[in-house]
Amino acid sequence: MNILITGGAGFIGSHLSQALLDKGHVITVVDNFNSYYNPDIKRSNIKTCLQNNRYNLIKADIRDYPTLKTKLATRPFDVFIHLAARAGVRPSIEKPLLYEQVNVQGTTHLLELARECGVKKFIFASSSSVYGANRKTPFHEQDFVDNPVSPYAATKKAGELLCYTYHSLYDISVNCLRFFTVYGPRQRPDMAIHKFTRLIDQGEPVPVFGNGDSRRDYTFIDDIIQGIIGAIDHCDGYNIYNLGESKTVPLLAMIGLVEKALDRKANLTFLPAQKGDVPITFADISKARQDLGYAPQVSIEDGIEQFVNWYTDHRSDVKKVKI
């Protein structure tokens, strides 16, 4: 297959690109290498991919529709995988206009390009954040999700709605994938596991917002990639799928696993809870199991160990990162 991946130089995108190259597909990646974090990290992510002649890299911003159309409209794509987004719940509260431009307008651009190019399969990276402060657990795809508590969450819900509109109007098959706290080697430096590992390793204070009992459904990158590939292979109609581990881990327990893997104690600093944070995420993955053959394999204990092993091998690359 000929596959377009937006945001393909990022954490998830670079892993997905390599996995699809290994399966023999032709990959075109669009990424703008913005300054949300050091763009050299993205360049490092795709170093191996660039050595493959079936890998094509296009530097472009998904907000720039004329450039996207000029560079992509003549290519015979079978599927679009739209991972590109402005990420982060807390930063979205500070810059809501930017998040709307990238995540809503940008998604509309990709859907419109798919329509113009005759692409009939579209995979959209959504987020568990759409569930907001949902008190019903585990979260199911049919749960009410009209109460997002951050601009980021609202843009992801808007993306799902836009995907349905294009499916309805133009018969594009769409799978919206709600990712639950993805982690693993090459994780973005601003995300909790990476940030806490770096701070503990450097002996710096670790900020804990709230009392530390918030719970997250942490999902290892290999399991997410398995789920995305299943979504490509089974894309028919319009569907929403949770991709999580379907287990919840308290924040302090996660920090404890990082401490054990590093063999260092954390210097915890407790701070007030932040706006936009939710008390729990917890995925019901029964639909993805049934339809996509999704079967997460990596426990949080093994996943944290794998991440910390990667981190210690790349200390020189990340030691100067400040998020």
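**Core.** I started with the largest nonpolar core in this predicted model. It has 67 residues, and I noted Ile 12, Ile 81, Phe 179, Ile 228 and Met 254 as the ones touching the most other members. I then looked up which element gives the most to this core: α8, with 7 residues.

I followed up on Phe 179. Leaving out residues up to four places away in sequence, I found that Phe 179 touches Ile 12, Leu 83, Ala 125, Ser 126, Ser 127, Ser 128, Ile 224, Ile 228 and Leu 243. I also noted a second, separate core of 26 residues, with Ile 58, Ala 114, Phe 124 and Val 174 among them.

**α1 on α8.** Next I checked how helix α1 (residues 11-22) sits on helix α8 (residues 221-233): their axes are 10 Å apart, at an angle of about 60°. That angle makes α1 oblique to α8. I logged their crossing as right-handed. On the α1 side I listed Phe 11, Ile 12, His 15, Leu 16, Ala 19 and Leu 20, and on the α8 side Ile 221, Ile 224, Ile 225, Ile 228, Ile 229 and Ile 232. Sorted by class, I get 11 nonpolar residues, 1 polar and no charged ones.

**α7 on α9.** Last, I took helix α7 (residues 192-201) and helix α9 (residues 251-262), whose axes come within 10 Å and cross at roughly 50°. So α7 is oblique to α9. I put this crossing of α7 and α9 down as right-handed. From α7 I have Ala 192, Ile 193, Phe 196, Thr 197, Ile 200 and Asp 201, meeting Leu 251, Met 254, Ile 255, Val 258, Glu 259 and Leu 262 of α9. My class tally for the α7 and α9 contact reads 9 nonpolar, 1 polar and 2 charged residues.

Methods: Residues are numbered from 1 along each chain as its sequence is written. This is a predicted model: local features need pLDDT of at least 70, side-chain atom pairs count only at pLDDT 80 or more; totals for chains, interfaces and linings use all residues. Side-chain values use heavy atoms; hydrogens and water are left out. Axes are lines fitted to C-alpha atoms, for helices over the stretch in contact, and angles run from 0 to 180 degrees between N-to-C directions. Helices (H or I, at least four residues) and strands (E, at least two) are DSSP runs, numbered from the N terminus. Angles under 35 degrees count as roughly parallel, over 145 as roughly antiparallel, 65 to 115 as roughly perpendicular and the rest as oblique. A crossing is left-handed if the near helix is turned anticlockwise from the far one by less than a right angle, and right-handed if clockwise. Contact means heavy atoms within 4.5 Å. Ala, Val, Leu, Ile, Met, Phe, Trp, Tyr, Cys and Pro count as nonpolar, Asp, Glu, Lys and Arg as charged, and the others, Gly among them, as polar. A nonpolar core is a set of buried Ala, Val, Leu, Ile, Met, Phe, Trp, Tyr and Cys residues joined through side-chain atoms within 4.5 Å. Buried means under 20% relative accessible area, exposed over 50%, partly exposed in between (1.4 Å probe, protein chains only).
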